[in-house]
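Thank you for making time for this; I would like to walk you through a few local features, going from the backbone to the aromatic rings. Please have the sequence and the structure open while I speak.

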Amino acid sequence: MSGRTVQVSRRTALLSGVSVAAVWAAVLAGCAPAPTLPRLRIAGGENGGFFLEYARLLADRARARNIAEHARALTTGGSLAAIDLVLDEDSECGIAMLDAAALARDDGGTGLCALGRISQNSMHLAVPAESDVRSVQDLAGTRIATGGPLSGTSLTAGRLLAAAGLGTERFVSVALGLNAGLDALAAGEVSALVWSGGAPTPSVAKQHAAAPIRLLPLGDLVDPLRREFGPLYDRVVIPAGAYAGIPRTETVGVPTLLLANDSLPETTAAALAGLLVRDAGLLVPADSQSLQFLGLTEIVQTGPVPLHPGAARAFRDLHV
């Protein structure tokens with residue numbers, strides 16, 4: 001499936017919607033599909049990352065369930081780019097990290113809402129396996145790849161490095177996305193690479209086989225992050241063996257949301273929300289074996305980003 005990389009500006013969208021309870025009941029029973037959208041664009045992320053692979057699988061299921069006649073994933077620079085596309089109505093939905101979505105709403109993007117929580121992102125801070133760096137503080141004075149300029153990684157990386165005592169004046173931030181960052185790390189052009197994603201992230205696992213890395217523990221940064229930004233962050237574990245030879249690593253987790261504009265019709269929002277429950281097993285990328293299925297209780301936990309009215313009513317009907 002082809003995609004496109006897009007950079008856009010943010011604007012507030014218009015509110016619309018209709019009742020969905022009756023339609024949702026029929027959708028859950030498999031008796032009648034929601035009215036078909038002619039087009040469904042799902043803003044994902046970079047090639048080789050979880051967001052884009054998930055967006056492609058979601059597009060496949062949207063077509064199979066007759067939610068959209070034409071559905072495709074869009075390649076983007078990351079969460080911030082995906083959010084811009086959703087707010088500008090250049091994409092019907094998109095995948096982004098919770099902290100980026102919360103910031104967008106605080107910054108005036110009040111049309112942004114969630115169709116559900118889909119996974120937990122794990123922050124990775126990688127250094128070459130032979131590096132002398134053993135802690136985040138050891139990176140003072142070095143060059144660190146902190147994600148592309150429109151990625152959610154760039155936002156979270158800045159926050160977690162600051163929480164570790166590395167303000168921007170104490171290191172050189174290099175705006176590189178995941179794939180370019182991996183190349184720079186292997187070439188010795190940066191001392192460390194920050195990215196967020198599932199564990200394992202396919203492109204990282206592939207690069208690790210050729211140019212081994214180590215992961216620095218970040219779990220101790222959760223408490224200071226929560227004190228400053230609220231409960232957007234969790235302590236999570238990258239399991240042993242997620243990347244060959246790398247031990248269990250505690251790190252910072254950031255929930256991943258499926259987002260929409262509140263102008264998305266409620267029937268469509270309900271049908272897409274239903275996919276998160278009904279087709280969960282078909283929405284796991286092949287290389288993301290550690291991804292855990294979320295129950296309804298977890299899916300609705302979208303923090304300060306409210307559920308789209310269609311998704312909220314659908315989940316209430318499902319719960320009943």
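Asn66 is found in the loop between α2 and β2, the latter spanning 68-74, where helices (H or I, at least four residues) and strands (E, at least two) are DSSP runs, numbered from the N terminus. Before I go on, please keep in mind that this is a predicted model, in which local features need pLDDT of at least 70, side-chain atom pairs count only at pLDDT 80 or more, and totals for chains, interfaces and linings use all residues. Residues are numbered from 1 along each chain as its sequence is written, and side-chain values use heavy atoms, with hydrogens and water left out.

Back to the loop, then. Asn66 is not a glycine, although its phi is positive, at about 60°. With a relative accessible area of 43%, Asn66 is partly exposed; on this scale buried means under 20% relative accessible area, exposed over 50%, and partly exposed in between, using a 1.4 Å probe and protein chains only.

Glu89, in the loop between α3 (79-87) and β3 (93-97), is another residue other than glycine with a positive phi, near 60°. Glu89 counts as partly exposed, at 40% relative accessibility. As background, most residues other than glycine have a negative phi, and most peptide bonds are trans.

Let me turn to the aromatic rings. The whole structure, when searched, gives three aromatic pairs, a pair being rings of Phe, Tyr or Trp (its six-membered ring) with centres within 6.5 Å, called stacked if the planes are under 30 degrees apart, edge-to-face if over 60, and tilted for the rest. Phe50 and Phe51 have ring centres 6.2 Å apart and planes at 70°, so this pair is edge-to-face. Phe50 and Tyr54, with centres 5.5 Å apart and planes at 45°, therefore form a tilted pair. Because Phe50 and Tyr54 are four residues apart in helix α2 (residues 50-64), about one helical turn separates them. Ring pairs link Phe50, Phe51 and Tyr54 into a cluster. Are these residues buried or exposed? Phe50 and Phe51 are both buried, and Tyr54 is buried too, with a relative accessible area of 4%.
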